[in-house]
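Here is a short briefing on one structure. Keep the sequence and the 3D view open while reading.

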Amino acid sequence: MNIVLSAFIIILLLYPGIFFRNIYFRGRQLDGVYKLRINILRQPIWEQVVASLGPALLIHFIGTQLITLLGFGIDYAFLYAFLKSDSLPPTVNLDTYFLFFCGYFTFTMGIGLLLGTWARSYVFNRRLDTKITLLRFSNEWFYWLTGRILESDEAHKDRSIDLIAVHALAETKENTIVYDGFLYDYTLTETTNGLDRIVLFYASKSIYRKSVGSRKAVAKTDEHSSEEMLEQFEHYERLEKREIQQEYLIIPYSQIKNLTITYIDLSDATDSVS
């Protein structure tokens, strides 16, 4: 039996674990607004194999147990001989085994789908990713843009977040532009652990012009004398501020020079007003 085919079968047996991780990392948050898009299939193959081995073993354990309960059997002797590339008896019907393997592969992929969806929901609901490093997503922007970063701080872990205000600074050759608004949505990059774009609502745009001025300054040369000199400084003059009439504003992160985030708890605002 061709050893390359045996290696291919082993990779297929690992794929339910890879599929599980893909479902876990690419799922939407339960609120339906924030989404996490990390394509783990772009990772090097050795990283996928190592990280997916545990989930794959669990999925196959569940799959074999369910198949046994359904009254089907697994020919482990044939599987062992096949993976070792040993010669198989001529009486073996490979077509039957191939159909069985396709059915088993589809079955375990379904288990991976259900298990990945459940694991994501369980981890998100119980905030386990903020406590256990192994379950934590590698893209830190996800935690900043959802406010989950606060849950790693004992002083703020129970704080409620109703809105996230964003202050984004962008620059052109002539002017500096500041966008203010509330975060509606965002997209993370799939190739790197970065941010692709943000979407704001109730946004405004302020345009500033940088100018250079000068002022007199006194510089002390020694203990008994000093001299007057001109000191240059930069300052920004706001030329315009206007509300953006469109419902949403999409800003590519490549155009953002600086980003500040404010987490808003409306109950605090209500208490202060009352």
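The points below cover the nonpolar core, a strand pair and one lysine. The model is predicted. Its largest nonpolar core has 37 residues. Strand E2 (175–188) is among the elements that give two or more residues to this core.

**Nonpolar core**
- Val 166, Tyr 179, Leu 183, Tyr 186 and Ile 198 have the most contacts inside the largest core.
- Val 166 touches Tyr 179, Leu 183 and Ile 198, among others.
- Its contacts also include Asp 180, Gly 181, Leu 200, Leu 259 and Thr 260.
- In soluble globular proteins, nonpolar side chains tend to be buried together.

**Strands E1 and E2**
- E1 and E2 run antiparallel and are joined by seven bridges.
- A hairpin of three residues links E1 to E2.
- Glu 171 has Thr 176, in E2, as its bridge partner.
- E2 is largely enclosed by the rest of the structure, because 10 of its 14 residues are buried.

**Lys 205**
- Lys 205 lies in strand E3, which spans residues 195–220.
- Lys 205 is buried but has no salt bridge.
- A salt bridge needs a side-chain nitrogen within 4 Å of a carboxyl oxygen.
- Beyond four places in sequence, Lys 205 touches Ile 177, Val 178, Tyr 179, Glu 240, Lys 241, Arg 242 and Ile 244.

Technical notes
Residues numbered from 1 in each chain as written. Predicted model: local features only at pLDDT ≥ 70, side-chain atom pairs only at ≥ 80, totals over all residues. Heavy atoms only, no water. Helix = DSSP H or I, 4+ residues; strand = E, 2+ residues; numbered from the N terminus. Buried < 20%, exposed > 50% of the residue type's maximum accessible area, 1.4 Å probe, protein only. Lys, Arg positive; Asp, Glu negative; His and termini not counted. Contact = heavy atoms within 4.5 Å. Core = buried A, V, L, I, M, F, W, Y, C linked by side-chain atoms within 4.5 Å. Pairing = 2+ DSSP bridges.
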